[in-house]
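Here is a short briefing on one protein model. Keep the structure open while you read, and find each element as it comes up.

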Amino acid sequence: MVAGLALMLVLLEVILRRAPRLQRANGEGRSSAEGTAIATAIATDFATANDDHLLVVVPTYNESANIEGCLRALLASDPPCGHWQVLVADDGSSDDTIRKAEAVIAERATPASAPVPLPAGQVLRCGPRPVGERWCGKNWPCSEASRQRPPATPHGWILFVDADVSVDPGALRAALQDAKQQGSDLLSLAPRLACGCLAEWLVQPIVAFLLTLGFPTDRTNDPHDPSAFAAGPFMLFRRSAYDAIGGHRAVAAEVVEDMALARAIKGQGFRLRYLLALDLVSLRMYRDFAGLWEGWTKNWYLGLQGNGALVLASGVVTLLLFSGPWLLLALAGIDSLQEGNLSPLLAPAAAGIALHLALRLWAQHRVLLPARHWWLAGLGGGLIAAITLASIWKTTTGRGWTWRGRSLA
């Protein structure tokens, strides 16, 4: 247990040290006055000389709590290219997602003094899903939005951004610049995780550790390695490659569509690239326990490619590493009370708990995830173990297997 936690810490540091990061585009990170002048010059240059086309798609379904912040950040972005627009693709929301999105777009009318036009914003009502066809999650709105196509040429790009994402003003430009320079057909970014509710603090840091270990960036970025991974919240496709693999229509029935799209891109010989973008993109996945439970039980089993043994192993290992030290501490306390002296279990328990703190301090330094509530790692390990079991049950039986209340069975 202690050795396992120590090994985890070492491996995480090795992986993160060599993980590539998205670099800010030229002209950023300067003084305020200089930066403003440069930004204006660059914006004018992009608008007049850059012939790339970018369609930014935000798929939504009952995203009232997220859409305003996401959309404002996107529309306030530095121009990533000469021709770009933002499209909210709504999948039949029953809340006020559409009203809020349209209000934000209306606020963004281009003032007469602007050096370049602001990006166009639009809301697309995608309509009901085709009868007799299986469409899961956001695949339907993404597919419908892709019909509002930028040219399927070397200059055409399409970006899918989840509504719970917030981007820095330079994120889109930096991503497009990197994709062009590196010849990427799919560029996906690992965002900074943001936590708010207690359930997130219990689970998300541990999940971040597991994803980093399970899907190292060097393997994903190696064209000779079959491993493929992409983060669904931010996926930038070269339009011609997206069309060649069939887009979201080709993975319509896939619940974990980001992984399926990544495998399709790499499997058909296109260039897949996965970068850290911790200072440019942030993600707040869940706002309460119910949403977190529904989300991770939806994805866990399929995220490990339906390998039941591997799913169970992930739950058992997580339970041992993160709940084990606290259980040992409890047993050490009972043993000490009964025997009247310090229990031999106290040393490994204390070492394991110290490593929990070390992991969270490392995460605070390396991935900008605060160490808040680190002492609740034992509860987090138990919750993830329960998630693995529930995910197997829901996915294999179809009972309670939902997303935002919609059945996935």
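**A sheet of three strands**

In this predicted model, 3 strands make up an open sheet with mixed pairing, in the order E5-E10-E7.

- Strand E5 (165-167) and strand E7 (192-193) are the edge strands. Each has a single partner strand, so one side of each has no neighbour in the sheet.
- Strands of a sheet pair through backbone hydrogen bonds, and they do so either parallel or antiparallel.
- E7 and strand E10 (residues 281-283) run parallel and are joined by 2 bridges.
- Which residue in E10 is the bridge partner of Arg192? The partner is Ser282.

**A buried strand**

- Strand E9 (residues 272-276) has 5 of its 5 residues buried, so the rest of the structure largely encloses it. Buried here means under 20% relative accessible area.
- Leu272, Tyr274 and Leu276 point one way from E9. Arg273 and Leu275 point the other way. All of them are buried.
- Strand E6 (residues 186-190) runs parallel to E9, and 5 bridges join the two.
- Leu187 has Arg273 in E9 as its bridge partner.

**Nonpolar cores**

- The largest nonpolar core has 84 residues. Val56, Leu189, Phe234, Leu236 and Phe322 touch the most other members.
- Which helix gives the largest share of this core? Helix H7 (residues 198-214) does, with 8 residues.
- Take Phe322, and leave aside its neighbours within four places in sequence. Phe322 is then in contact with Leu5, Met8, Ile206, Phe209, His356, Leu359, Ala377, Gly378 and Gly381.
- Another core, of 28 residues, lies apart from the largest one. Its members include Ile158, Ala230, Leu261 and Ala264.

- Helix H11 (residues 289-303) packs against helix H14 (residues 377-397) at an angle of about 65°. Their axes are 7 Å apart.
- Is the crossing of H11 and H14 left-handed or right-handed? The crossing is right-handed.
- On the H11 side, the residues that meet H14 include Phe289, Leu292, Trp293, Trp296 and Trp300. On the H14 side, they include Leu383, Ile384, Ala386, Ile387 and Ala390.
- The residues of the contact of H11 with H14 divide into 13 nonpolar, 6 polar and 2 charged.

Definitions and conventions
Residues are numbered from 1 along each chain as its sequence is written. This is a predicted model: local features need pLDDT of at least 70, side-chain atom pairs count only at pLDDT 80 or more; totals for chains, interfaces and linings use all residues. Side-chain values use heavy atoms; hydrogens and water are left out. Axes are lines fitted to C-alpha atoms, for helices over the stretch in contact, and angles run from 0 to 180 degrees between N-to-C directions. Helices (H or I, at least four residues) and strands (E, at least two) are DSSP runs, numbered from the N terminus. A crossing is left-handed if the near helix is turned anticlockwise from the far one by less than a right angle, and right-handed if clockwise. Contact means heavy atoms within 4.5 Å. Ala, Val, Leu, Ile, Met, Phe, Trp, Tyr, Cys and Pro count as nonpolar, Asp, Glu, Lys and Arg as charged, and the others, Gly among them, as polar. Two strands pair if DSSP finds at least two bridges between them. A nonpolar core is a set of buried Ala, Val, Leu, Ile, Met, Phe, Trp, Tyr and Cys residues joined through side-chain atoms within 4.5 Å. Buried means under 20% relative accessible area, exposed over 50%, partly exposed in between (1.4 Å probe, protein chains only).
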